[in-house]
Amino acid sequence: QEFARADVHRSSVLKRDEDGRAYGKRFCERTPNELLEEIIVVDDGSTPPMEEVLAKENIDPKCRLRFLRHDKPYGLMIAKQTGGDAAKGKYIGFYDCHVAPVKDWYKQTFKLLKEKERRLVVPMIGELDLDTFDQKKNGALQAKCYINFDAEFWWYDDDSDNIPIISGGLVATTRAWWHESGGFDKGMRGWGGENSDQSLRAWLCGGDVIRDKTSIIAHMWRVPQDARTTAKFHLNSHVDNLGRVAAMWFDEFKVKFRNGALDKKLDVSEGLKLRERLHCKPFDTSSTGSGASTLTVGCCPTRSSGSNTSSRGGASPAAAAGTSFTIVAPELHDCGSATRFHFANKRGPRFPASMDVFDEAADDNQGGALVTCGGHQASKCSECPQGHGADWCHVDCSWVFGACVSNKRLSSLKKTSKKQVCCSGIREWNSMYCFDALRDNGPIAYQCDMMGTNDNQQYLIDPSGHIRHGSGKCLDVSHKKLVPGNCVTAATFEQIEHFVSEEKKLYEATIKKYGYTDDMPSK
């Protein structure tokens, strides 16, 4: 087996001599000499040339450095393309210059690439300790991303090893697939968008993208408090890379890109010819083949709506009536300028199996025996708290989203309720932001956790119209603003103006057009 590393080495975020020395040393030390064909350093117009800089470092010849140089900076993608095209190894790895592999990083990656030629393999991406140029002890690990309809990528995680979209800087593939797929879109410049382009051409053109959980490569993240991580070079390319992704791959869904603002002058004719040559499938299939159940967790909501609020207790009817809530302020506004929302994110194990859990009438103790709430008893669980909240809801009862509920009832509903994948949060339509932590000044907006693991994003609307948060508080209204409140006295909300989203209509139309089934992967 041979392994060629195609790398970009231009003006670096670290001092170039420190960067090159540590980088080369780590990969040389931790890759068997018999497997390493070469390390390609692509100098993207650096001054002084990188070959001169690294020549002073006396790097071991076994590292097999090979230098390629551009006469001027063309940016990350073009530099990587130069290295990938020149690579001699059977497998090609693209890894940023500010990374360091751990021991045995290559073993499973080689095996996965040997299994399938049309494949991208991504390691677990760790955190680089710049003092040791190695993985931080107990540092976080991540590998998976997805994209929205604006072609922006976002991190997430689930149990599947399928990766919808790579982050970009750390990936390996076969030399055969690199040349067959054409590598990167030749019309892109700088950085950004190449990761989505490369991922979609794999998924839609007969390949796949897989995570190697056994391989860890530590990556330097930009930290404002550490000047060593500050970018010292920027290429102003004036090329809309994300627009090129949408134009080349989004098919019918192009109308969703930046709300229909895709530049029709973008020339992606070469990419479209490649799609035809490789017999690539339509974009619609990327939501069923890449392992990300994007439709069922909120990227394509079945329906969206605005919300009205009515008052019961804390807020005056005059302040609340006829208004809708927005994620921006968060402040209540006139319905004409209101933000629309939809339910999103997967349901986790802590999320109620059914909204019937909040039906107090069904919680009546039919047997007449008292329930034990902790240090006291009551006729039923809903009477346990007596204004003390979760502290007075124990033993026979559990505190669920601000309600004290019988454990027997919870168990019964879990057994009898139909298992649902979606939803556990509230998301702003046409954005990637959901209601997150419920602060004193209302819910903050934060990137949606589609897998439903972020407890801060656990929201539901119960049958009475309360918007409940996993903390046990409910959304209330005070002085025309959303605030946390007691669920007993909090305002109630009404969903209004339901409509089927454009993306849902497009999805159903393309499913019918191409004859695909509407079933989604479980992971």
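Predicted model: local features only at pLDDT ≥ 70, side-chain atom pairs only at ≥ 80, totals over all residues.
Residues are numbered from 1 along each chain as its sequence is written. Local features need pLDDT of at least 70, side-chain atom pairs count only at pLDDT 80 or more, and totals for chains, interfaces and linings use all residues, while side-chain values use heavy atoms, with hydrogens and water left out.

**Exercise 1. Work out how covered helix α3 is, and which residues are buried.**

Solution. Start with the element: α3 spans residues 76–86. Helices (H or I, at least four residues) and strands (E, at least two) are DSSP runs, numbered from the N terminus. Next, apply the cut-offs: buried means under 20% relative accessible area, exposed over 50%, and partly exposed in between (1.4 Å probe, protein chains only). The count comes to 8 of 11 residues buried, which leaves the helix mostly covered. Among the buried ones are L76, M77, I78 and A79, and K80 and Q81 are also on the list.

**Exercise 2. Find the cis peptide bonds that join T47 to P48 and C422 to C423, and say where they lie.**

Solution. Begin with T47 to P48, where omega is near -5°. P48 belongs to the loop between β2 (36–44) and α2 (50–55). Move on to C422 and C423, whose bond has omega of about 15°. Here C423 is part of strand β20 (residues 422–428). For background, most peptide bonds are trans.

**Exercise 3. Examine the positive phi values of V395 and H479.**

Solution. Recall that most residues other than glycine have a negative phi. Take V395: its phi is near 60°, and it lies in the loop between β17 and β18. V395 is exposed because its relative accessible area is 53%. Turn to H479, which has a phi of about 50°. H479 is in the loop between β25 (474–478) and β26 (481–485), and it counts as exposed because its relative accessible area is 75%.
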